[in-house]
Amino acid sequence: MTDFTEQDILGMKKAYEQAYISYKEEGGIPIGAALINNLTGELLGVGHNERVQKGSPILHGETSCLANVGRLPAKIYKNCTLYTTLSPCAMCSGTCLLYDIKRLVVGENKTFMGEEELLKSRGVEIIVVDDEKCKAIMAEFIKEKPELWNEDIGEE
């Protein structure tokens, strides 16, 4: 994986930490995210899926992360990488497109394949890490709480 950098290692570490917190410490869905400014290397913020914890239909890992980062000028988002432990759903992909986030690093897309093709078609660079820890925590969660997982992805 030639395009994977030290910043990417940090971003994925922070995203996974958030997934772990959501599931193991808060009883939520194990999806985490982090946003790093590519120009400065600054970690702008992190977040995790809080649908269970806050009863929110929109606080997925990526949207929680951006909410925690707070309002930024558009030029900042354009120079960021969003790290997420799981391939982003339509809502989270739309958020990336709205704020023109040009680079996305995904922990895994075997458990759930989000809107990666849409993102690519709009010029977003996507790197899929295929991380074993990300896959394992999702598998454990789905085995333990399949009904909650189906709810999270909009299935019955």
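Me: Before I look at the helices, what makes a crossing left-handed?
Reply: A crossing is left-handed if the near helix is turned anticlockwise from the far one by less than a right angle. In this predicted model, the crossing of α1 and α7 is left-handed.

Me: At what angle do α1 and α7 pack, and how far apart are their axes?
Reply: Helix α1, residues 6-25, packs with helix α7, residues 132-144, at an angle of about 15°. Their axes lie 11 Å apart. Angles under 35 degrees count as roughly parallel, and α1 and α7 are therefore roughly parallel to each other.

Me: Which residues make that contact?
Reply: From α1 the contact uses Met-12, Tyr-16, Ala-19, Tyr-20, Tyr-23 and Lys-24. From α7 come Lys-133, Cys-134, Ile-137, Glu-140, Phe-141 and Glu-144.

Me: Changing topic: where does UniProt place the deaminase domain?
Reply: The unreviewed UniProt entry places a "CMP/dCMP-type deaminase" domain at residues 6-126. Over that range the chain is 43% helix and 19% strand, and the end C-alpha atoms are 16 Å apart.

Me: Now α3. How many of its residues are buried?
Reply: Seven of the nine residues of α3, residues 61-69, are buried, so this helix is largely enclosed by the rest of the structure. The buried residues are Gly-61, Glu-62, Thr-63, Ser-64, Cys-65, Leu-66 and Val-69.

Me: What do they pack against?
Reply: The buried residues of α3 pack against strands β1 (32-37), β2 (43-48) and β3 (80-84), together with helices α4 (74-77) and α5 (90-98).

Me: Which residue takes a positive phi just after α3?
Reply: Gly-70 does, with a phi of about 90°.

Technical notes: Residues numbered from 1 in each chain as written. Predicted model: local features only at pLDDT ≥ 70, side-chain atom pairs only at ≥ 80, totals over all residues. Heavy atoms only, no water. UniProt positions renumbered as here; feature names shortened; annotations may be inferred. Helix = DSSP H or I, 4+ residues; strand = E, 2+ residues; numbered from the N terminus. Axes fitted to C-alpha atoms, helices over the stretch in contact; angles between N-to-C directions. Parallel < 35°, antiparallel > 145°, perpendicular 65-115°, else oblique. Contact = heavy atoms within 4.5 Å. Buried < 20%, exposed > 50% of the residue type's maximum accessible area, 1.4 Å probe, protein only.
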